[in-house]
Amino acid sequence: MALLPILEFPDPRLRTVAKPVTEVDDKIRQLINDMFETMYDCPGIGLAASQVNVHKRVVVIDVSEDKSQPLVFINPEIEVLDNSVSEYDEGCLSVPGFYETVVRPEHIRVKALDRDGKPFEIEPQGLLAVCIQHELDHLNGKLFVDHISPFKRTRIRAKLEKKHKAEAR
Ligand SMILES: [Zn+2]
C-alpha cells in the first residue's frame, strides 16, 4: 500500500469530472487500498479518487470512530428522496483547516458497486449521508466551498494560496 498525495484547493485538477469505472479489477482494488491508507493517515472520513488525481468514479468512506466501517462506492449514483435538508459543518482534506456549514438533502438513496464490482443500494443516515454527497461532488469536479458564499470562498482561496506559496519556497 502507499500514501497518495492529496490535491488542495484551488488546484484546477480538482475540477475534473471523473469517468465511470468500466471494470472493477485488481488495479482498482489497489487504488482503493491506497485511498483507505491515505484517508486513515490524514485522518479523514472520506476520500474521492479525484482528490488523489485519479479521475475515476471511486469513493472510500469510514465515518466510524475506530476505523471499523470501511465503505467503498464505485460509480455511485444518488437519488434525493424528499425535500428535507440537513446542515453540517463540513471540512475537506483538499481544503485543509477550514470548516463551513453546508445545507444538503437529508434523505437520499445511493446505488453503487462494491470492491468486488457487485451492485448494492443503501439509504444512509446522518453524517454518512452528508459524507457521500460531499464525495460525489468531488467526482463531479465540485467542492464544498462551492456551496458557501463567494466571499467566504475567496477568503479561503487566498489563505490556501498563501500557504502553498510558503510551502513552495
Ligand atoms: Zn472533500
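Student: In which strand is Asn75 found?

Tutor: In this predicted model, Asn75 is found in strand E3, which covers residues 71–80. Its phi is near 50°, a positive value in a residue other than glycine.

Student: Which other asparagine has a positive phi, and where is its place?

Tutor: Asn53 has a phi near 65°, and its place is in the loop between E1 and strand E2 (58–61).

Student: Why is Asn53 called partly exposed?

Tutor: The relative accessibility of Asn53 is 35%. Buried requires a value under 20% and exposed a value over 50%; Asn53 therefore counts as partly exposed.

Student: What makes Cys92, His134 and His138 donor residues of the zinc ion?

Tutor: The coordinating atoms are SG of Cys92 and NE2 of both His134 and His138, at 2.1 to 2.2 Å. A donor is an N, O or S atom within 2.8 Å of the metal, so these atoms qualify. Water is not among the atoms, so a site may look incomplete.

Student: How are the donor residues of the zinc ion spaced in sequence?

Tutor: Their spacing is C-x41-H-x3-H. Cys92 lies in the loop between strand E4 (85–90) and strand E5 (100–105), whereas His138 belongs to helix H2 (residues 126–139), so this pair ties together parts that are 46 residues apart in sequence.

Student: Why are Cys92 and His138 called buried?

Tutor: Cys92 has a relative accessible area of 10%, and His138 has a relative accessibility of 1%. Because buried means under 20%, both residues are classed as buried.

Student: Why is H2 described as largely enclosed by the rest of the structure?

Tutor: Twelve of its 14 residues are buried, so the description applies. Among them are Leu128, Val130, Ile132, His134, Leu136 and His138.

Student: How do you know that the span of H2 is close to the expected one?

Tutor: H2 has 14 residues and reaches 21 Å from its first C-alpha to its last. Just after H2, Gly141 takes a positive phi of about 75°.

Note on methods:
Residues numbered from 1 in each chain as written. Predicted model: local features only at pLDDT ≥ 70, side-chain atom pairs only at ≥ 80, totals over all residues. Heavy atoms only, no water. Donors = N, O, S within 2.8 Å, 3.2 Å for Na, K, Ca; no water. Helix = DSSP H or I, 4+ residues; strand = E, 2+ residues; numbered from the N terminus. Buried < 20%, exposed > 50% of the residue type's maximum accessible area, 1.4 Å probe, protein only. Expected span 1.5 Å × (residues − 1).
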